[in-house]
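Please walk through this model with me, one region at a time. Keep the sequence and the 3D view side by side.

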Amino acid sequence: MAASTCTKCGNHTFEVKEAEPRDSAYKLLFVQCSSCGGVVGVMDFFNLGAMLQKIQKKLGIS
Ligand SMILES: [Zn+2]
């Protein structure tokens with residue numbers, strides 16, 4: 001499998017950073033290059049999959 005690469009500097013390692021972009025109503029998680037900080041992806045601050053599983057269990061519809 002190809003190694004994920006930062007398109008800005010060519011680095012191969014990444015980190016997740018909490019971010020509050022201006023005018024955004026929600027916190028986000030940026031996936032960024034651990035070397036230059038170039039943002040390569042954005043995730044919801046809350047893990048929606050985990051939240052849905054909790055709701056699913058409470059509703060008993062597993
Ligand atoms: Zn980079």
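Thr13 counts as partly exposed because its relative accessibility is 45%; buried means under 20% relative accessible area, exposed over 50%, and partly exposed in between, with a 1.4 Å probe and protein chains only. The model is predicted, so local features need pLDDT of at least 70 and side-chain atom pairs count only at pLDDT 80 or more, while totals for chains, interfaces and linings use all residues. Residues are numbered from 1 along each chain as its sequence is written, and side-chain values use heavy atoms, with hydrogens and water left out.

Thr13 lies in the segment before β1. Strands here are DSSP runs of E with at least two residues, helices are runs of H or I with at least four, and both are numbered from the N terminus. Which residues does Thr13 contact, leaving aside neighbours within four places in sequence? They are Gln32, Cys33 and Ser34, where contact means heavy atoms within 4.5 Å. Thr13 and Gln32 are 19 residues apart in sequence, and their C-alpha atoms are 8.7 Å apart in space.

Ser4 also belongs to the segment before β1. With neighbours within four places set aside, Ser4 touches Asn11, His12 and Phe14.

Now turn to the metal. Which residues hold the zinc ion? Cys6, Cys9, Cys33 and Cys36 coordinate the zinc ion, each through SG, at 2.3 to 2.4 Å. Donors are N, O and S atoms within 2.8 Å of the metal (3.2 Å for Na, K and Ca); water is not among the atoms, so sites may look incomplete. Along the chain, the donors follow the spacing C-x2-C-x23-C-x2-C.

Why is the arrangement called tetrahedral? The 4 donor atoms around the zinc ion subtend angles of 105 to 115°, and that makes it so. Four donors count as tetrahedral if all angles lie between 85 and 135 degrees; four count as square planar and six as octahedral if opposite donors are over 155 degrees apart and all others between 65 and 115; anything else is irregular. Is Cys33 buried or exposed? Cys33 is buried, because its relative accessible area is 1%. Cys9 is partly exposed, because its relative accessibility is 40%.

Move on to strand β1, where Glu18 lies. Glu18 has a relative accessible area of 44%, so it is partly exposed. Beyond its neighbours within four places in sequence, Glu18 contacts Lys27, Leu28, Leu29 and Phe45. Glu18 and Val42 are 24 residues apart in sequence and 9.9 Å apart from C-alpha to C-alpha.

The loop between β1 and β2 holds Asp23. Phi of Asp23 is near 70°, a positive value in a residue other than glycine. Most residues other than glycine have a negative phi. Asp23 counts as exposed because its relative accessibility is 79%.

Next, look at the rings. The whole structure has 1 aromatic pair. Phe45 and Phe46 form it, edge-to-face, at 5.2 Å centre to centre with 85° between the planes. Rings of Phe, Tyr and Trp (its six-membered ring) pair if their centres lie within 6.5 Å; planes under 30 degrees apart count as stacked, over 60 as edge-to-face and the rest as tilted. Phe45 is partly exposed, because its relative accessible area is 27%. Phe46 is exposed, because its relative accessibility is 55%. Lys27 lies over the face of Phe45, 4.5 Å from the ring centre. The rule is NZ of Lys or CZ of Arg within 6 Å of the ring centre and within 35 degrees of the ring normal.

Helix α1 (residues 48-59) contains Gly49. Gly49 and Ile61 are 12 residues apart in sequence and 15 Å apart in space, C-alpha to C-alpha.

Finally, step back to the whole chain. Its pattern along the sequence is β-β-β-α. Of its 62 residues, 13% count as buried.
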